[in-house]
Amino acid sequence: MAANFWTSSHFEQLLDPEEVDVVHQLDKDKGLTLEEFKLIKMHMTNCILKLAQSVKVRQRVVATAVTYMRRVYTRKSMSEYDPRLIAPTCLYLASKAEESTVQARLLVFYIKKLNSDEKYRYEIKEILEMEMKILEALNYYLVVFHPYRTLAQLLQDAGINDMSMTQLSWGLVNDTYKMDLILIHPPYLIALACMYIASVHREKDITTWFEELHVDMNVVKNISMEILDFYENYKISDERINAAFSKLDFKP
């Protein structure tokens, strides 16, 4: 992994929000809306998390897998790249990239255990074939920097030893992967936004510390608002997920 975010392929691939919130034309032709597009990505993020818990990999592997999945859909359609196959394959690829390799057969075992719906039940051969397609879609750039390490350093620097604020900050960072923030913002800004929300929620006044950082607090606050807006507005229901997938599955 590259040691410096600013010289990494991750930095070079940061996108503007309007580049991320784009439904591929093939998916549009099937009637998929932007809201449904976001909903499917959120649902598949949850699927990756459940699968990861079953095969017992670190949170970092989950975060990398979700980042891969979200990157893929800035370039490829869901019609051609079925999210129900992309999600477990991204977890498989991320486990190798993060040196926590999970055997494909173990993934397939748990995929079948966790899903009764046949549309989710892919085999080893299909995962291995899709792995190559994902690598091509990612242009073989597998380096991902996450906010976790920076968050730990920032909490220490701010003199935060309150366990409830620390846990809230970490939980907020985990939830940012249900959005596309990791594709848009440097990880340290995401970490700061999560700290900002946690400090307000836990009534910890670290305003002076923030001022001494010399970061653009407008950007930090805007990211914070995006996170809070997500909590306020995005609710997943099986009905909405099934309706979105029915559009992708429709064969004219």
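Tutor: The model is a predicted one. In an unreviewed UniProt entry, the annotation "domain: Cyclin-like" covers residues 46–136 and also residues 149–229. For residues 149–229, the end C-alpha atoms are 25 Å apart, with 77% of the span in helix and 0% in strand.

The helix to follow is α4, which comprises residues 34–55. One of its partners is helix α7, residues 104–114. The axes of α4 and α7 come within 10 Å and cross at roughly 120°. An angle of that size makes α4 oblique to α7, since the range from 65 to 115 degrees is what counts as roughly perpendicular. The crossing of α4 over α7 is right-handed. On the α4 side, the contact involves Lys50, Leu51, Ser54 and Val55, and these meet Leu106, Leu107, Tyr110, Ile111 and Leu114 of α7. By class, the residues of this contact are 7 nonpolar, 1 polar and 1 charged.

From α7 the packing can be traced onward to helix α8, residues 124–137. Here the axes lie 9 Å apart, and the angle is about 120°. As a consequence of that angle, α7 is oblique to α8. The crossing of this pair, α7 passing α8, is right-handed. Ala104, Arg105, Val108 and Ile111 represent α7 in the contact, while Ile124, Ile127 and Leu128 represent α8. The contact of α7 with α8 comprises 6 nonpolar residues, no polar residue and 1 charged residue. Ile111 of α7 takes part in the contact with α4 and also in the contact with α8.

Returning to α4, a further partner is helix α15, residues 238–249. The two helices pack at an angle of about 110°, with their axes 10 Å apart. The angle falls within 65 to 115 degrees, and α4 and α15 are therefore roughly perpendicular to each other. Their crossing is left-handed, whereas α4 passes α7 in a right-handed crossing. In α4, the residues that meet α15 are Glu36, Leu39, Ile40, His43 and Met44. Their counterparts in α15 are Arg240, Ile241, Ala244, Phe245, Lys247 and Leu248. This contact of α4 with α15 divides into 7 nonpolar, 1 polar and 3 charged residues.

Past α8, the loop between α8 and α9 (147–157) holds Tyr140. Tyr140 has a positive phi of about 65° although it is not a glycine. Most residues other than glycine have a negative phi. Glu203 likewise has a positive phi, near 55°, and is a residue other than glycine. The location of Glu203 is the loop between α12 (187–201) and α13 (207–213). With a relative accessible area of 74%, Glu203 is exposed, because the cut-off for that class is over 50%.

Ser169 is placed in helix α10 and is buried, its relative accessible area being 0%. Setting aside neighbours within four places in sequence, Ser169 is in contact with Leu151, Leu155, Cys194, Met195 and Ala198. Met179, for its part, sits in the loop between α10 (163–176) and α11 (181–184). Its relative accessibility is 10%, and Met179 therefore counts as buried, the limit being under 20%. With neighbours within four places in sequence again left aside, Met179 is in contact with Arg70, Glu226, Ile227 and Phe230. The C-alpha atoms of Met179 and Thr67 are separated by 9.8 Å, although these residues are 112 apart along the chain.

Glu12 lies in helix α1, residues 9–12. Glu12 is exposed, with a relative accessible area of 59%.

Definitions and conventions. Residues are numbered from 1 along each chain as its sequence is written. This is a predicted model: local features need pLDDT of at least 70, side-chain atom pairs count only at pLDDT 80 or more; totals for chains, interfaces and linings use all residues. Side-chain values use heavy atoms; hydrogens and water are left out. UniProt positions are given in the numbering used here, feature names are shortened, and annotations may be inferred rather than shown by experiment. Helices (H or I, at least four residues) and strands (E, at least two) are DSSP runs, numbered from the N terminus. Buried means under 20% relative accessible area, exposed over 50%, partly exposed in between (1.4 Å probe, protein chains only). Contact means heavy atoms within 4.5 Å. Axes are lines fitted to C-alpha atoms, for helices over the stretch in contact, and angles run from 0 to 180 degrees between N-to-C directions. Angles under 35 degrees count as roughly parallel, over 145 as roughly antiparallel, 65 to 115 as roughly perpendicular and the rest as oblique. A crossing is left-handed if the near helix is turned anticlockwise from the far one by less than a right angle, and right-handed if clockwise. Ala, Val, Leu, Ile, Met, Phe, Trp, Tyr, Cys and Pro count as nonpolar, Asp, Glu, Lys and Arg as charged, and the others, Gly among them, as polar.
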